[in-house]
Amino acid sequence: MSIKKNAGSIAVFILLFVISFIFIIPFIWTMLTSLKPDEEIYSSVLTFLPVNPYLGHYTGIFTKLGNFFKYFSNSVVVSFWSVLFNVLFAATLGYSFSKFQYWGRDLFLGFVLLIITLPYVIYLIPIYIMQSRFDLIDTRLGLILPYIATNLPMSVFIMRGQFNGVPNEMMEAARIDGAGQWQTFSRVMLPIVKPGIATVIIMTFISVWGEFTYARTLCTTAKSQTLAVGITFLRDEAASWQYGTLTATIILSLIPVLAIFLSMQKYFIKGIMAGAVKG
């Protein structure tokens, strides 16, 4: 019996290893390509590892993509504020939908769930019209507001599931101890739902950091365009991709995403499962 169990565990491990390798091989290939000189990249002989490691593509980013720091800073600012307000609104709305009874609560929640099913691209035209009237085109704020709105429904759903898993007795005990409504929420409830908050942070950051459609449509100059848009300008005079510099830029753009995920990965699975099962 134990032999069959061990064999099954080995088979599952091998299967998961193969699946993980399939998902990670594009990242490895991109990283190795960024370390190859142009002669190896465009050579007819395909090589996996760089024969002569070369870091010139990383230094060349700042000459071939002159606004790199501007694109990068725009991405950081837009992502930071989008994540901050999305977490704040999702936590308060999720808490409200989970722990309070009031007229129209289920109707509002149904509306939130309906928005989740719709592709966010359909909002682009009305958003563009509204922003042109309020003079928000080609501004960071013009990106932050749509990003909050499009990521909020799923975040609310996750946070509501998290708060559903917290017994109401926790609230009652806090109120007996003299805590007010805000103290109960901020000092008692929020620390318990850290996995949900981490999940919302990761999902929102990844969504905003790599978003292209809104950033390309609502921003027309480098003063507000993000790195996802700036990467597309890495073309030479023949309109062909500069693969060395392109892969180096992609690797640098992935560093913040990996940093956010690795710092919160222990909460991620727990949070997403609780939000889905208990929601």
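Colleague: Let's start simple: in which helix is the place of Ser34?

Modeller: Ser34 belongs to helix H1, which covers residues 2-34. A helix here is a DSSP run of H or I with at least four residues, a strand is a run of E with at least two, and numbering goes from the N terminus. One heads-up: this is a predicted model, where local features need pLDDT of at least 70 and side-chain atom pairs count only at pLDDT 80 or more, while totals for chains, interfaces and linings use all residues. Residues are numbered from 1 along each chain as its sequence is written, and side-chain values use heavy atoms, with hydrogens and water left out.

Colleague: What makes Ser34 count as buried?

Modeller: Buried means under 20% relative accessible area, exposed means over 50%, and partly exposed is in between (1.4 Å probe, protein chains only). Ser34 comes in at 0%, so it counts as buried.

Colleague: Which side chain makes a polar contact with the side chain of Ser34, and how do you know that it is one?

Modeller: That would be the side chain of Tyr58, at 2.7 Å. The rule asks for a pair of N or O atoms within 3.5 Å; within protein, one must be able to donate a hydrogen and the other to accept it, and residues adjacent in sequence count only if both atoms are side-chain atoms.

Colleague: Which residues is Ser34 in contact with, leaving aside its neighbours within four places in sequence?

Modeller: Contact means heavy atoms within 4.5 Å. With those neighbours left out, Ser34 is in contact with Tyr54, His57, Tyr58, Gly244, Thr247, Ala248 and Ile251.

Colleague: Which domains does the chain have, and how do you know?

Modeller: The bounds come from an automatic or database domain assignment. That assignment gives domain 1 (3-34) and domain 2 (64-277). Their C-alpha centres lie 30 Å apart, and their contact takes five residues from domain 1 and seven residues from domain 2.

Colleague: On to Phe185. Why does it count as buried?

Modeller: Phe185 has 5% relative accessibility, under the cut-off, so it is buried. You'll find Phe185 in helix H9, residues 181-192. Skipping residues up to four places away in sequence, Phe185 touches Ala91, Thr92, Tyr95, Phe163 and Leu190.

Colleague: Is Asp135 buried or exposed, and is Asp138 buried or exposed?

Modeller: Asp135 has a relative accessible area of 64%, so it passes the exposed limit. Asp138 has 9%, so it counts as buried.

Colleague: What makes something a pocket?

Modeller: On a 1 Å grid over the protein atoms alone, a pocket is an open set of points with protein on both sides within 12 Å along at least five of seven lines, whereas a cavity is a set where a 1.4 Å probe fits but cannot get out. Lining residues have an atom within 4 Å of a point. Grid points are joined across faces, edges and corners, and the volume is the space filled by probe spheres set on the points. The largest pocket has about 570 Å³. Its lining has 25 residues, with Tyr120, Pro146, Ala149, Thr150 and Asn151 nearest the centre.

Colleague: Which helix gives the most to the lining of the largest pocket, and how do the residues of that lining divide?

Modeller: H7 gives the most, with ten residues. The lining splits into 18 nonpolar, six polar and one charged. Here Ala, Val, Leu, Ile, Met, Phe, Trp, Tyr, Cys and Pro count as nonpolar, Asp, Glu, Lys and Arg as charged, and the others, Gly among them, as polar.

Colleague: How much space lies in the second largest pocket?

Modeller: About 380 Å³. Of its 14 lining residues, Ile206, Trp209, Ser253, Leu254 and Val257 are closest to the centre. H13 gives the most to this lining, with seven residues, and the classes come to twelve nonpolar, two polar and no charged residues.

Colleague: Last one: how many helices and strands does the chain have?

Modeller: The count is 13 helices and zero strands. Of the chain's 279 residues, 38% count as buried.
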